[in-house]
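Hi everyone, and thanks for coming. Please take a look at the model on the screen, and then we will walk through it together.

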Amino acid sequence: MGVPDRYPHLARIGTPADLRALPEQELPAVAAELRAYLIETVSQMGGHFAAGLGTVELTLALHYVYETPYDRLIWDVGHQAYPHKVLTGRADRLSTIKQKDGLAPFPSRGESEYDTFGVGHSSTSISAGLGMAIAELLLHGPRAAGARRHVAVIGDGAMSAGLAFEALNHAGSLEVDLLVVLNDNDMSISENVGALSNYFARVLSGRLYSGLKEGSKRVLRRMPAAWELARRSEEHMKGMVLPGTMFEEMGFNYIGPIDGHDVLGLVRTLRNLRGFHGPQFLHVVTRKGKGYAPAEADPIKWHGPGPFDPDKGEIFKEKASGPTYSQVFGQWLCDIAERDSRIVGITPAMREGSGLVEFSRRFPDRYFDVAIAEQHAVTLAAGLACEGYRPVVAIYSTFLQRAYDQLIHDVALQNLPVTFALDRAGLVGGDGATHQGAFDLSFLRCVPNLTVMAPADEDECRQMLYTAVMLDGPAAVRYPRGAGPGVAPAAEMRALPVGRAEVRREGRSGLAIFAFGTMVSAIAPTAERLDATLVNMRFVKPLDEELLIRIADRHEHLVTVEENAIAGGAGAAVLEFLSARGYGRPVLQLGIPDRFIEHGSRAENLAAAGLDAAGLAKAVDRWWQPSQRRA
């Protein structure tokens, strides 16, 4: 089943080659149909929405001018790549995106030859594109006949990350045929902070620009007609000329800014650029949510909505079973900030997702959105901690991976009191392999000075966050996406004894289960059925060593279970401790297996990893044979 006949132009496009066979004057009609198809399809199943609407014309023009997939088109992040998927043979499967066995949420090399680089985290496109362009140069030499072209498309939000500028700095020094297209819509997910518009404002007020302006005035005053034109047009000229200054200085030939919704103008510009050699930079101005009024008016809300009514512009709300962990965190942060003026909140462009909206409104002077710059977020927190503040870095588990050196070198090494609130820890669902928080327990527990906690429920999350900010060193609290088992957070905040676990039930079968975080409630039915001892470990570092010894002395068989990679995780910490003390008990380690878990619902992800209640019960039953059980 392909695209419906009510989209006559789009229905004829199975590949970009079909698109290139169309007369150029039909492209505006194709753009209108593509935008309408995106609205219709995404409204039924949800997904990344506003960014794709903003890149319809740009995507059409790129595939129309460049001979994809021979020419390499490299997307950044992938929020903007839904139109690309439609034009590259996947239109009939767009309704499956982010679902189990459906289309990947972002470009994926395993899904299509048109997806030249797998993405999910931001700011990688220029580096990857440069690597491909260098490979072409090494294989065929400079300016070889028929050489493939390389185009990296990066959003302005992704330009706030240092990786993008590292790549620009390198590319500008080389004679490679690389085109960087900046999709400038003044948005990442939240509003851009410290992005290009602020940079241009600083340049306008800086000495370099002032010197150039004054020098130009001295020359132009000798030409009265030109001087009068320049005087009257100064503000206009600033907007037309200035944005390219930075990129020209980095070695790029800058073109723009141009209208990103004029598909015919984009085609003409890209055709010209395709004949150029060396590093090129095209600045394209688009509007996020273009063509759908509600998304244009509120692109943050419509960044990644669930299913919605396209006529009314209403997003269908899921029935809430209780506060999400993100909401628990957001409420706790406001409560603790009211009590303690040292509390500062920091996020790398994830205000809404991390539950920081209310804090940003109530405590604007103590709220810092540093844009997509995770490394800076962590070291900024370290600097604040040096001066007596208690910074809280709200960051997704998968994104903390990008700031690991800063966590070790700038925070832990100096034993600074920075709290890491790790949202989306464990399996996250629809965003898939690039966003699973599968590794944080493994990479955190090996860091000296760091306390690591995993709450079993919502109230425990609140109390662990309070415990973390009360410590005189760094601490991390990792919690999952969505809601918990439904334990209402108490208004009172109390510090938990560090390194103390909690025995949830005492069993008599000879089996003991050490559960971490979300797995406490998941494994509880199995513990009840098998009359096993169940321990809510609470702390991954430090472990409750006294309790571990007591349990190991009284039980012949042990199970560890965590929503983290088995390799090097919390269970491994338990085994290392017991082994070092001579305990030779049989131990079953359960956790995320040694493979990447793809997209689907969070429940489907847990089932795929064997970490839902049914999977855990099956694994324990298979390992712990009836003959091993006490009478």
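We are looking at a predicted model, in which local features need pLDDT of at least 70 and side-chain atom pairs count only at pLDDT 80 or more, whereas totals for chains, interfaces and linings use all residues. Residues are numbered from 1 along each chain as its sequence is written, and side-chain values use heavy atoms, with hydrogens and water left out.

How confident is the predictor? The pLDDT, its confidence in each residue from 0 to 100, averages 89 for the protein chain, and 90% of the residues score at least 70. Please be careful with residues 192-217, where the pLDDT is below 50. The pLDDT is also below 50 over residues 229-241.

Now back to the sheet. Strands are DSSP runs of E with at least two residues, helices are runs of H or I with at least four, and both are numbered from the N terminus. Two strands pair if DSSP finds at least two bridges between them. Seven strands make an open sheet with mixed pairing, in the order β9-β8-β10-β11-β13-β12-β17. At the edges sit β9 (367-369) and β17 (539-541), each pairing on one side only.

Let's follow β10 to its neighbours. With β8 it pairs in the parallel sense over four bridges, and there Gly345 stands opposite Val392. With β11, β10 is also parallel, over five bridges, and Tyr396 has Asp423 as its bridge partner. Further along, β12 (residues 451-453) and β13 (residues 475-478) run parallel and are joined by three bridges. There, Thr451 is opposite Ala475. Helix α15 (residues 325-339) packs on the sheet and touches β8, β10 and β11; contact means heavy atoms within 4.5 Å.

Is Thr347 buried or exposed? Thr347 counts as buried because its relative accessibility is 0%. Beyond its neighbours within four places in sequence, its contacts include Tyr367, Phe368 and Ala394.

Finally, the aromatic rings. Rings of Phe, Tyr and Trp (its six-membered ring) pair if their centres lie within 6.5 Å; planes under 30 degrees apart count as stacked, over 60 as edge-to-face and the rest as tilted. The whole structure holds 18 such pairs. In one of them, Phe49 and Phe308 are tilted, at 5.1 Å centre to centre and 55 degrees between the planes. Phe49 lies in the loop between α2 and α3 and Phe308 in strand β6, so this pair ties together parts that are 259 residues apart in sequence. Trp302 and Phe308 are edge-to-face, with 4.8 Å between centres and 90 degrees between planes. Both Trp302 and Phe308 are buried. Phe49, Tyr292, Trp302 and Phe308 form one aromatic cluster.

How values were computed:
Buried means under 20% relative accessible area, exposed over 50%, partly exposed in between (1.4 Å probe, protein chains only). Axes are lines fitted to C-alpha atoms, for helices over the stretch in contact, and angles run from 0 to 180 degrees between N-to-C directions. pLDDT is the predictor's confidence in each residue, from 0 to 100.
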